[in-house]
Amino acid sequence: MRRINFNMSDECASLLKGVCALKKTTISSYVYQMIRKDFRRMVFEDAQIRQMFLAGDYPPGSNAALLKEEYLAMECKVN
């Protein structure tokens, strides 16, 4: 896993910490789940992102590999 840092306003950071405390989750886990959900949506809805994503090779069993399999299976059903 890779560490990624980003900046946000003090108010947003405080709110994020509070939400995570209430949900009994870590900030990393909460942000990861939000990004994962949004990324999945973009793969299914945005052709440019989908093309970039489908061109990648992902370790078997990884979340990315499972998403790629899901998308390709859905695409086969449609065609």
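Does Leu16 count as buried or exposed, and at what relative accessibility? In this predicted model, Leu16 counts as buried, at 13% relative accessibility, because the limit for that class is under 20%. The residue is found in helix 1. Leaving aside neighbours within four places in sequence, the contacts of Leu16 are with Met8, Ile27, Tyr30 and Val31. The separation between Leu16 and Tyr30 is 14 residues in sequence, and their C-alpha atoms are 9.0 Å apart in space.

The overall fold is described next. Four helices and zero strands make up the secondary structure of the chain, and the pattern read along the sequence is α-α-α-α. The chain has a radius of gyration of 16 Å, whereas the globule rule gives 12 Å for 79 residues; the value is well over that figure, so the chain is more spread out than a compact globule. Taken along the principal axes, the box filled by the C-alpha atoms is roughly 45 × 25 × 20 Å. Buried residues account for 15% of the 79 residues of the chain. Among contacts with a separation of 6 or more, 24% are between residues 24 or more positions apart.

The C-alpha atom of Lys23 is separated by 22 Å from that of Arg40, which is 17 residues away along the chain. Lys24 has its place in the loop between helix 1 (10-23) and helix 2. At 78% relative accessibility, Lys24 likewise counts as exposed. Most residues other than glycine have a negative phi. In Lys24, by contrast, phi is near 55 degrees, a positive value in a residue other than glycine.

Aromatic rings form a further feature of the model. The count of aromatic pairs comes to three. In one of them, the ring centres of Phe39 and Phe53 are 5.5 Å apart and the planes stand at 80 degrees, so this pair is edge-to-face. Phe39 lies in helix 2 (residues 27-45), and Phe53 lies in helix 3 (residues 47-54); the pair therefore ties together parts that are 14 residues apart in sequence. Phe39 counts as partly exposed, with 27% relative accessibility, whereas Phe53 counts as buried, with 2%. Phe53 also pairs with Tyr58: the centres of these rings are 5.1 Å apart and the planes are at 25 degrees, so the pair is stacked. The relative accessible area of Tyr58 is 28%, and this residue is partly exposed. Through such ring pairs, Phe39, Phe53 and Tyr58 are linked into a cluster.

Phe44 is another aromatic residue, and it lies in helix 2. At 24% relative accessibility, Phe44 counts as partly exposed, because this class covers the values between the 20% and 50% limits. Not counting residues up to four places away in sequence, Phe44 touches Arg50, Leu67, Glu70, Tyr71 and Met74. Phe44 and Asn63 are 19 residues apart in sequence, and the distance between their C-alpha atoms is 15 Å.

Conventions. Residues are numbered from 1 along each chain as its sequence is written. This is a predicted model: local features need pLDDT of at least 70, side-chain atom pairs count only at pLDDT 80 or more; totals for chains, interfaces and linings use all residues. Side-chain values use heavy atoms; hydrogens and water are left out. Helices (H or I, at least four residues) and strands (E, at least two) are DSSP runs, numbered from the N terminus. The radius of gyration is taken over C-alpha atoms; the globule rule is 2.2 Å times the number of residues to the power 0.38. Buried means under 20% relative accessible area, exposed over 50%, partly exposed in between (1.4 Å probe, protein chains only). Contact means heavy atoms within 4.5 Å. Rings of Phe, Tyr and Trp (its six-membered ring) pair if their centres lie within 6.5 Å; planes under 30 degrees apart count as stacked, over 60 as edge-to-face and the rest as tilted.
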